[in-house]
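Here is a short briefing on one protein chain, grouped by topic. Keep the sequence and the structure in view while reading.

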Amino acid sequence: MRTLFLLALAAVPTPALAQNQPIASHVEIIGEAAPVCVMRPPADHSGVNASFRSVSAGAGRIRIEQLADPVDATPHAAEIRVLLPVICNAPHRVVLRSGNGGLRLEGPRPSQSEPFRQFLPYQLGISWGGDQARRSSDAAGPLMIAAGAARSGEMEVMFTLAGGGAPLVAGTYSDEIIIEVQVAS
């Protein structure tokens, strides 16, 4: 009987043996970076007969120093390049559009102004991560660059006004350029 008792003891686990057995568990860590594009105020600008001034965090103003020649009222050439710091962590697109399609005379317009003009188209351009696009402000539809991957750096926005041509009616000319950087859907 003594032998049977010893066998029974060997078959029953003791508390000391149970503590030496490993217990496994795992914890997953999951996070998600939402797609986002951020554009900061301009980092730099350079121009000829044009200057740039930040108005707020998301707005600026390009001023053409001398739009028309004081002798014959013909347009003077102007050019400016503005560098915007941009970061997009996903595929995205850049869209530029002109509110008026060009520089348009503000306020009441004379009904007959021949040979003078009241509207002045210009060239718009974007350079972003090796991609470039350029077109006239009065062309149909917006100017776009589609970026198939995340990018970070300085986007260059260009405004170029050709000089010469028919004289301008006296007054203030303006346009609004809208720049959008949007995550691709």
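**Briefing**

Leu 105 has Tyr 173 in S13 as its bridge partner. The model is predicted. The points below cover a three-stranded sheet, a disulfide, an aromatic pair and the largest pocket.

**Sheet**

- S7 spans residues 103-105 and is joined to S13 by two bridges.
- The two strands S7 and S13 run antiparallel.
- They belong to an open sheet of three strands, in the order S8-S7-S13.
- Pairing in this sheet is antiparallel.
- S8 and S13 are the edge strands, each pairing on one side only.
- In general, strands of a sheet pair through backbone hydrogen bonds.

**Disulfide**

- One disulfide turns up in a search of the whole structure.
- Its partners are Cys 37 and Cys 88, with sulfur atoms 2.1 Å apart.
- The torsion about the S-S bond of Cys 37 and Cys 88 is about 130°, so the disulfide is right-handed.
- The bond links distant parts of the chain, as Cys 37 sits in strand S1 (residues 37-39) and Cys 88 in strand S5, 51 residues apart.
- Cys 37 and Cys 88 are both buried.

**Aromatic pair**

- A search of the whole structure gives one aromatic pair.
- The ring centres of Tyr 122 and Phe 159 are 4.7 Å apart.
- Their planes meet at 50°, so the pair is tilted; edge-to-face would need an angle over 60 degrees, and stacked one under 30.
- This pair also links distant parts of the chain. Tyr 122 lies in the loop between strand S8 (119-120) and strand S9 (123-128), while Phe 159 lies in strand S12, 37 residues apart.
- Tyr 122 has a relative accessible area of 3% and is buried.
- Phe 159 is buried too, with a relative accessible area of 5%.

**Largest pocket**

- The volume of the largest pocket is about 1,100 Å³.
- Its lining consists of 33 residues. Gly 60, Arg 61, Ile 62, Asp 175 and Ile 177 lie nearest the pocket centre.
- Elements giving two or more residues to the lining are S3 (50-56), S4 (59-64), S5 (78-88), S12 (151-161), S13 (173-174) and S14 (177-183).
- S4 provides the largest share of the lining, six residues.
- By class, the lining has 20 nonpolar, seven polar and six charged residues.

Conventions. Residues numbered from 1 in each chain as written. Predicted model: local features only at pLDDT ≥ 70, side-chain atom pairs only at ≥ 80, totals over all residues. Heavy atoms only, no water. 1 Å grid on protein atoms, 1.4 Å probe; cavity = no way out; pocket = protein on both sides within 12 Å on 5 of 7 lines; lining within 4 Å. Points joined across faces, edges and corners; volume = space filled by probe spheres on them. Helix = DSSP H or I, 4+ residues; strand = E, 2+ residues; numbered from the N terminus. Nonpolar A, V, L, I, M, F, W, Y, C, P; charged D, E, K, R; others polar. Phe/Tyr/Trp six-rings, centres within 6.5 Å; stacked < 30°, edge-to-face > 60°. Buried < 20%, exposed > 50% of the residue type's maximum accessible area, 1.4 Å probe, protein only. Disulfide = S-S within 2.5 Å. Pairing = 2+ DSSP bridges.
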